[in-house]
Amino acid sequence: LESARKLMERAQSLRHQAREGASNSDEQLVRRLDRDLGIGLINLGELGIAEDSSDAAVHFDKAIEKFEDMRRRRQHDIEIIGLLVNAYCRAGQFLEKSQPDAARSYEAYEAALHLIEALAIVDPQQPKHAAALAALRTDL
């Protein structure tokens, strides 16, 4: 797992460097880099779970911050909202199982629930939203 961590951290470092060098006028490039940074944070959180490390919560929190920031700039970006839902769900699951923090776990699940309900309304033709909503309600 140590070699996996080093590779993931190196990938995040490269993403940060690319993001710092990217022109803000290239919105699509900035969006992709920010998205990939958020996904990398979720992956580091998953690795933290595999390592039985409490830093998993930190990575999930940072992923949530990244995707929330992106959502503020692009409110109707369905992909980003879906990634944000995933980050909230993973944070909720981790907090529920590893740090019996019922209040924080519930807050994460509740945030995910509100987002997935909104997605199901905005994009009703996607069965994955209904499936995610059902799974989330089961988790609650």
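Student: How many Å apart are the closest N and O atoms of the salt bridge that Arg35 forms with Asp36?
Tutor: The model is predicted, and every value here is computed from it. Arg35 is buried at a relative accessible area of 16%, while Asp36 is partly exposed at 26%. In the salt bridge between Arg35 and Asp36, the closest N and O atoms are apart by 3.0 Å.

Student: Which residues are linked with Arg35 and Asp36 in a network of salt bridges?
Tutor: Side chains of opposite charge can pair when their charged atoms come close. The whole structure holds 16 salt bridges. Those that involve Arg35 and Asp36 belong to a network whose other members are Glu27, Arg31, Arg74, Asp77 and Glu79.

Student: How many residues apart in sequence are the parts that Arg74 and Glu27 tie together?
Tutor: The side chains of Arg74 and Glu27 meet in a salt bridge of 3.9 Å, N to O. Arg74 sits in the loop between H3 and H4 and Glu27 in helix H2, so the pair ties together parts whose separation in sequence is 47 residues.

Student: Is Glu27 buried or exposed?
Tutor: A residue counts as exposed when its relative accessible area is over 50%. Arg74, its salt-bridge partner, has 28% and counts as partly exposed. Glu27 has 52%, so it is exposed.

Student: Which helices do Asp61 and Arg104 lie in?
Tutor: The side chains of Asp61 and Arg104 meet in a salt bridge at 3.0 Å, N to O. Asp61 is partly exposed at 30% relative accessibility, and Arg104 is partly exposed at 33%. The pair ties together parts that are 43 residues apart in sequence, because the two residues lie in helix H3 and helix H5.

Student: How many helices does the secondary structure of the protein chain come to?
Tutor: Read from the N terminus, the elements run α-α-α-α-α-α. There are zero strands, and the count of helices is six.

Student: What is the radius of gyration of the protein chain?
Tutor: Along the principal axes, the C-alpha atoms fill a box of roughly 40 × 35 × 25 Å. For 140 residues the globule rule gives 14 Å; the chain's value is close to that, so the chain is as compact as a globular protein of that length. The radius of gyration is 16 Å.

Student: What percentage of the 140 residues in the protein chain do buried residues make up?
Tutor: The chain exposes about 8000 Å², of which carbon and sulfur atoms supply 53%. Buried residues are those under 20% relative accessible area. Of the 140 residues, they make up 39%.

Student: Which element gives the most to the largest nonpolar core?
Tutor: This core has 27 residues, and Phe67, Val85 and Tyr88 touch the most other members. Two or more residues come from each of helix H2 (27-50), helix H3 (55-73), helix H4 (78-98) and H5. The element that gives the most, with eleven residues, is H4.

Student: Which residues is Tyr88 in contact with, leaving aside its neighbours within four places in sequence?
Tutor: Tyr88 is one of the core members that touch the most others. Beyond four places in sequence, its contacts are Ile64, Glu68, Ala108, Ala111, Ala112 and Leu115.

Student: Is Ala91 buried or exposed?
Tutor: Ala91 is found in helix H4. Apart from neighbours within four places in sequence, Ala91 is in contact with Phe60, Ile64 and Ala108. Its relative accessible area is 4%, so Ala91 is buried.

Student: Which residues is Glu51 in contact with, leaving aside its neighbours within four places in sequence?
Tutor: Glu51 has its place in the loop between H2 and H3 and is partly exposed, at 27% relative accessible area. Its C-alpha atom is 9.8 Å from that of Arg5, 46 residues away along the chain. Beyond four places in sequence, Glu51 is in contact with Leu1 and Arg5.

Student: What is the phi of Asp52, which is not a glycine?
Tutor: Asp52 lies in the loop between H2 and H3. Asp52 is exposed, with a relative accessible area of 71%. Although Asp52 is not a glycine, its phi is positive, at about 55°.

Student: Which residues form a nonpolar patch on the surface?
Tutor: One member, Ile121, lies in helix H5 (residues 102-122) and is exposed at 68% relative accessible area. Together the patch members have about 290 Å² of accessible area, and they are Ile78, Ile121 and Val122.

Conventions:
Residues are numbered from 1 along each chain as its sequence is written. This is a predicted model: local features need pLDDT of at least 70, side-chain atom pairs count only at pLDDT 80 or more; totals for chains, interfaces and linings use all residues. Side-chain values use heavy atoms; hydrogens and water are left out. Patches are made of residues with over 30% relative accessible area and no salt bridge: like charges are joined within 9 Å, nonpolar side chains (Val, Leu, Ile, Met, Phe, Trp, Tyr) within 5 Å. Accessible areas come from the Shrake-Rupley method with a 1.4 Å probe; for residues, only the protein chains shown count as cover. A salt bridge is a side-chain nitrogen of Lys or Arg within 4 Å of a carboxyl oxygen of Asp or Glu. Helices (H or I, at least four residues) and strands (E, at least two) are DSSP runs, numbered from the N terminus. Buried means under 20% relative accessible area, exposed over 50%, partly exposed in between (1.4 Å probe, protein chains only). The radius of gyration is taken over C-alpha atoms; the globule rule is 2.2 Å times the number of residues to the power 0.38. A nonpolar core is a set of buried Ala, Val, Leu, Ile, Met, Phe, Trp, Tyr and Cys residues joined through side-chain atoms within 4.5 Å. Contact means heavy atoms within 4.5 Å.
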